[in-house]
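Me: I have a protein model open and would like to go through it. Can we take it a piece at a time?

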Amino acid sequence: MRSNLPGTCAVLLAALLVPTTVQAQDTARQTPSSARALESRARSDAVPEPGAAGPALTLAEVLASARFHAPQVLEALARVRGAQGRILTTQGAFDTIFSADADTRPTGFYTGSDASLRLTQPLAGNGGSIYGGYDIASGTFPSYEGRSNTTGYGRLTAGTVFSLMRDRLIDERRTNRQLAEADLVLAQTDQLLVAIGVQTRAIQAYNSWAIAGQRLGVFQGLLQLALDRQAGLKRQVTEGLRPAILLTENEQNILRRQTLVVQAEQQLQVSATALSLFLRGSDGQPVVPGAERLPRTLARPMPLAANPETLVARRPDLKVIDIRVNQARQRLALDRNLLLPKFDIKAEVNQFLGDAGAGGRAFTGTESKVGISFSLPLQQRVARGRIAQTNADIDAFAQRRRLLEDQITADIQALSITAAQAQRLLGIAIDEQDRAQTMAGAERRRFGAGASDFFLVNLREEAAADAQVRRLDAAFRQIVAHADLAAATADLDALGL
């Protein structure tokens with residue numbers, strides 16, 4: 001075997017099933033003791049033939065497992081739950097507030113005691129609030145605490161505060177709620193990005209494992225040819241038709257091919273371990289698939305979109321930037337709100353219950369009050385600084401989106417070219433494999449008829465195996481190119497999402 005075979009195949013991940021065994025021309029039963037031991041060891045080292053027993057593992061099964069059990073996906077889902085918690089936190093700014101106060105004077109000139117209850121409800125559509133309460137007092141109070149006096153049965157209060165300018169249409173509470181809702185969409189979009197990446201890697205890992213099984217089959221078939229030939233050579237040496245040294249040379253050839261089988265078995269086990277990161281049980285633990293679950297044929301390349309360049313708009317990372325821009329615009333609206341004067345109107349009604357209290361003040365009947373409050377920073381530097389900063393952020397996001405859109409378009413075009421060329425290369429590799437197998441078969445027949453030499457027949461067989469491996473390589477590149485293009489265009493159906 002040429003030295004480039006192991007290196008060429010070490011990273012192959014996907015392919016079409018290729019025939020790997022050819023019937024030997026010689027059928028003699030006797031083998032020398034050394035060759036018999038060599039053959040026994042070679043047969044014991046071989047793993048079960050791919051797909052020989054047990055249910056074959058499918059790509060759909062791997063994708064479903066990765067979608068629901070991959071730690072990266074579960075981490076992204078946890079971030080979504082965290083974003084939902086932040087929304088609930090911001091909604092707390094509109095919670096109804098209950099408060100209670102009580103005071104008494106156990107010693108001193110004045111004997112007054114009072115208690116009050118309050119319910120305050122912030123308004124979700126205005127920067128103000130409404131409130132209501134009940135107060136009751138007894139005893140005497142100093143004049144500067146005259147408000148504490150109530151009638152004998154207390155005082156009922158209801159009032160409201162409305163924002164007429166600043167905080168009327170938007171305020172920090174409502175902006176925080178809107179930003180938290182956008183953060184939830186961001187977390188969900190990030191979850192989708194993570195899922196796309198996981199599914200793409202799962203496709204590669206599955207085909208890596210499956211192709212390792214196919215590659216092992218190629219080298220097992222190559223080894224079997226040498227083992228079958230040993231019996232025929234023994235008979236021909238016994239009859240004096242071949243020199244005895246040819247048996248030793250074939251034993252050396254068996255050892256070399258056995259090395260390739262062992263290396264392929266190692267690669268299969270490594271690929272199965274890598275696949276277990278995506279193939280998990282119901283408890284989330286990795287499951288290492290056995291060789292008996294290898295498929296006989298691999299998953300077909302994903303279908304390509306007719307015009308993938310038109311699918312740029314559905315990329316989740318572009319959606320992330322759009323959400324960031326919307327959040328910046330919400331902050332800009334809040335910043336412009338700071339330019340407005342704080343102008344509030346307030347109204348309150350007090351209903352006194354019963355006769356005048358012990359304080360002797362004639363608080364009876366119904367009392368109503370209406371007032372306004374006004375404030376305005378003269379320099380407005382806070383508002384103007386925030387507006388400038390937020391406008392700069394919006395401009396930066398616009399340029400970032402433009403660059404990302406150009407990059408995505410270029411990537412999709414490059415992947416489309418790669419996928420098309422991978423299909424062409426696969427066709428060439430299939431033709432090369434067919435020619436190499438034809439040449440190897442013809443050379444074996446010539447060798448069996450005594451018209452060829454041992455060196456040439458081995459060279460043809462190893463060239464045929466090399467061509468099979470290159471076909472696997474080409475098929476893998478096509479599968480990966482199609483999967484990458486599906487990920488670049490966010491083709492959720494193709495990715496099992």
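Reply: One term to begin with: two strands pair if DSSP finds at least two bridges between them. Also, this is a predicted model.

Me: How many bridges join β2 to β3, and how do the two strands run?

Reply: Ten bridges join β2 to β3, which covers residues 129-138, and the two run antiparallel. β2 and β3 form a hairpin, with six residues between them.

Me: And what about β1 and β2, how many bridges there?

Reply: Seven bridges join β1 (residues 97-103) to β2 (residues 113-122), again in an antiparallel arrangement. In that pairing, Ser99 stands opposite Arg118 in β2.

Me: What holds strands together in general?

Reply: Strands of a sheet pair through backbone hydrogen bonds, and the pairing can be parallel or antiparallel.

Me: In what order do the strands sit in the sheet here?

Reply: The order is β1-β2-β3-β4-β5-β6, six strands in an open sheet with antiparallel pairing. The edge strands are β1 and β6 (366-375), each of which pairs on one side only. On average, neighbouring strands of this sheet are turned by 15 degrees against each other, direction ignored.

Me: How many bridges join β5 to β6?

Reply: Ten bridges join β5 (residues 342-352) to β6, and these strands run antiparallel. Within that pair, Ile345 has Ile372 in β6 as its bridge partner.

Me: Let me zoom out. How many helices and strands does the protein have?

Reply: The protein has nine helices and six strands. It has 497 residues, and 43% of them are buried.

Me: How much accessible surface does the protein have?

Reply: About 25,400 Å², with 56% of that belonging to carbon and sulfur atoms.

Me: And what share of the contacts is between residues 24 or more positions apart?

Reply: Among contacts with a separation of 6 or more, such residues account for 81%.

Me: Next topic, the inside. Which residues touch the most other members of the largest nonpolar core?

Reply: Val62, Ile203 and Trp209 do, in a core of 48 residues. Helices α3 (59-69), α4 (71-91), α5 (172-238), α6 (245-275) and α9 (454-488) each supply at least two residues of this core. α5 gives the most, with 18 residues.

Me: What is Val62 in contact with?

Reply: Leaving aside neighbours within four places in sequence, Val62 is in contact with Leu57, Ala202, Tyr206, Leu275, Phe278 and Leu279. Apart from that core lies another one, of eleven residues, among them Val325, Leu404, Ile408 and Ala488.

Me: Is Ser65 buried or exposed?

Reply: Ser65 counts as buried because its relative accessibility is 7%, and the cut-off for buried is under 20%. Ser65 is found in helix α3. Beyond its neighbours within four places in sequence, Ser65 is in contact with Ala70, Phe278, Leu279 and Arg280.

Me: Now the charged ones. How many salt bridges are there?

Reply: The count comes to 23 salt bridges. In one of them, the side chains of Asp171 and Arg173 meet at 3.0 Å, N to O. Asp171 also forms a salt bridge with Arg174, where the closest N and O atoms are 3.0 Å apart. Asp171 and Arg173 are buried, and Arg174 is buried as well.

Me: What about Glu461 and Arg444?

Reply: Their side chains meet in a salt bridge at 3.4 Å, N to O. Glu461 lies in helix α9 and Arg444 in helix α8 (residues 381-448), so this pair ties together parts that are 17 residues apart in sequence. Both Glu461 and Arg444 are buried. Salt bridges that share partners join Arg229, Arg256, Arg257, Arg444, Glu461 and Glu462 into one network.

Me: Last topic, the backbone. What is the phi of Asp167?

Reply: Asp167 has a positive phi of about 75 degrees, although it is not a glycine. Asp167 lies in the loop between β4 (155-163) and α5, and at 16% relative accessibility Asp167 counts as buried.

Me: And where is Gln380?

Reply: Gln380 is in the loop between β6 and α8. Gln380 is not a glycine either, and has a positive phi of about 60 degrees. With a relative accessible area of 14%, Gln380 is buried.

Note on methods:
Residues numbered from 1 in each chain as written. Predicted model: local features only at pLDDT ≥ 70, side-chain atom pairs only at ≥ 80, totals over all residues. Heavy atoms only, no water. Helix = DSSP H or I, 4+ residues; strand = E, 2+ residues; numbered from the N terminus. Buried < 20%, exposed > 50% of the residue type's maximum accessible area, 1.4 Å probe, protein only. Contact = heavy atoms within 4.5 Å. Areas by Shrake-Rupley, 256 points an atom, 1.4 Å probe, with all protein chains shown as cover. Axes fitted to C-alpha atoms, helices over the stretch in contact; angles between N-to-C directions. Core = buried A, V, L, I, M, F, W, Y, C linked by side-chain atoms within 4.5 Å. Salt bridge = Lys/Arg side-chain N within 4 Å of Asp/Glu carboxyl O.
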